[in-house]
Every structure is written in C-alpha cells, then in structure tokens.
Amino acid sequence: MSDIKIRATMAGDSADIKVLMNHPMETGQRKDAKTGQLIPAHFIQSVSATLNGKPVLTAQWGAAISKNPFLGFKVKGAKAGDKVAVSWEDNTGAKDSAEVAVA
Amino acid sequence: MNQLRRSFLKTTGTTGAIAVAVAAGLLKPTEVLAASWNKNAFEAKSLADAYKGLGVAAPADSKDIAIKAPDIAENGAVVPVEVSSKVAGTSSIVILVEKNANPLIAQFDLANGAEPFVSTRIKMGQTSMVRCMVVAGGKSFSASKEVKVTIGGCGG
C-alpha cells in the first residue's frame, strides 16, 4: 500500500489537490539523543504530479520540508473523474506513488 | 577446521558478490537523481549562493506575490506556508528561508494548467524572513514575510 494520501476536489473550474506523504524528512543535522551520533539525512528530493498523465507540477525539495510532507496545489481546467497521480523519490533512491480520480 | 574455513570463504564470497551487485544497482538511480536535483542550490549556505545555484539574478520585489504564513510559529518544525502569485506567466515558485542553514527550501515548477499557487509546511531554525520567489518569463520576482519562531525546527 502506498503511503501517499491524495484528495482532489473540484472548486469552481479548478481542481484543488491536497497531498500528504509519509516520510521522516531527516535533515542530517539532528543528533540521536542516546548515542550522540548524527542521524543521516533522509528526505524527499523530488516530487512530481500529473493530471491524466500530463505533468502539472514538478518540485525539488531540500531537507527543510516538514516531516510527513504536505503539498497543496490547484489545476485549472480539470474535470471530475480526471486522474491525479503523485510520486516522490528521496535521497536514498526510494520511491512511492499514488493515483486518485478528481471528485 | 579446514571445513570451517572453506564454508567461511564461501559465504563471504557470495555475500560480497551480492553487495557489489546491489551497489551497482543502487548507483544508477542515485546518479540520475543527482543530475536532476540541484545540489549546488540546495546546499548553498547563503541567499546569494542559493540564487547563484538556481541560475537567477537577485529577484526584484513584487507586490503581486502573496505569502500566507503565521506571524508567530510556536513550532519551527512545522510552519505552514502558502504562496500565490498574480505575476503573469508564473512558471516556478521557490521558497527560501533567509536564516536557515540552507536557505533554499523548495522549488516548484508549474505546467499544463497548474495555478500559480502552492501550499506546504516547512522547517525553520529561528525567526527569519520567509522569501518567496516567482519566475515568470525568465524574470524573477520575490516577496517576503517575517515569521517569528519560538522553538526551532532544525537541529533540536
């Protein structure tokens, strides 16, 4: 099961898309309280979103996006039933993706 | 004794081979990612270097960019930021926090009908100006808003 939650609803003539991803987003600057060792950086570096297969948003992120990232965006000219897909890739090469239909 | 040595060599031999194969397999996506992820810009330690990494000149101030963020953030680890732009032809939105160790937070490229709007949550180490830059037609514009942070979200 994918760890991405997407909610896409129509608001006027645009789709309001809200995405929640599950990710620790470690900056690499934090220390482990027990061992005093730096926790290695582990964060999402790229996110892309498509509407019916066409790219609408591509993002590059640094480590300063909050843990379990939230992303909200709007797409004009979308219709109910259109497919919204979101995927991410982190600095370790891990990936995840999910797809929903606009409600 | 001999038998033990033999099996030891055999196992290490195999695991070694697997490790090499995994490393070779893993190397590829990392390399591809390194090419697309703007390392220079994201690891820049100052606003000026971040702009340089992004390949833009210092942006001109614009009143057409609206930033919605709290005046006071109690928790710097989660600061909601919403950016919307009225600059015609907005193709990218970039969020920077001037006093973070690495000022560049995120870059969003918009296409195919995406409205000039993004909403996300960011980490802030201390009270700072949050600067939002917009790229439209090869020109860059920015606006900023100060967010006071009571507990930092970096380091900790």
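Guide: Let us begin with the side chain of B:N100, which has a polar atom 3.0 Å from the backbone oxygen of B:K123. This is a polar contact, that is, a pair of N or O atoms within 3.5 Å; within protein, one must be able to donate a hydrogen and the other to accept it, and residues adjacent in sequence count only if both atoms are side-chain atoms.

The model is predicted, so local features need pLDDT of at least 70 and side-chain atom pairs count only at pLDDT 80 or more, while totals for chains, interfaces and linings use all residues. Residues are numbered from 1 along each chain as its sequence is written, chains are lettered from A and ligands numbered from 1 in the order in which they are written, and side-chain values use heavy atoms, without hydrogens and water.

B:N100 belongs to the loop between β5 (90–97) and β6 (104–110) of chain B; strands here are DSSP runs of E, at least two residues, numbered from the N terminus. B:N100 counts as buried because its relative accessibility is 5%, the term meaning under 20% relative accessible area with a 1.4 Å probe and protein chains only.

Elsewhere in chain B, strand β2 (residues 65–68) has B:I65 and B:I67 on its covered face, and B:A66 and B:K68 on its uncovered one. Four bridges join β2(B) to strand β4 (residues 79–85) of chain B in the antiparallel sense; strands pair if DSSP finds at least two bridges between them. B:K68 has B:E82 in β4(B) as its bridge partner.

Strand pairing also links the two chains: β5(A) runs antiparallel to strand β7 (residues 114–122) of chain B, with four bridges. There A:L71 stands opposite B:T120.

The contact as a whole takes 34 residues from chain A and 32 residues from chain B, where contact means heavy atoms within 4.5 Å. The two chains bury about 2,800 Å² between them, 50% of it on carbon and sulfur atoms; buried area is the accessible area (1.4 Å probe) that two parts lose on being put together, summed over both. In chain A, the most area is lost by A:Q60, A:A64 and A:K74, together 22% of what that side buries. Across the interface, 19 residue pairs are in polar contact, both residues at pLDDT 80 or more. On the side of chain A that touches chain B, the elements giving two or more residues are β2 (14–21), β3 (44–51), β4 (54–61), β5 (70–76) and β6 (83–90). The largest share, eight residues, comes from β4(A).

Definitions and conventions
Buried means under 20% relative accessible area, exposed over 50%, partly exposed in between (1.4 Å probe, protein chains only).
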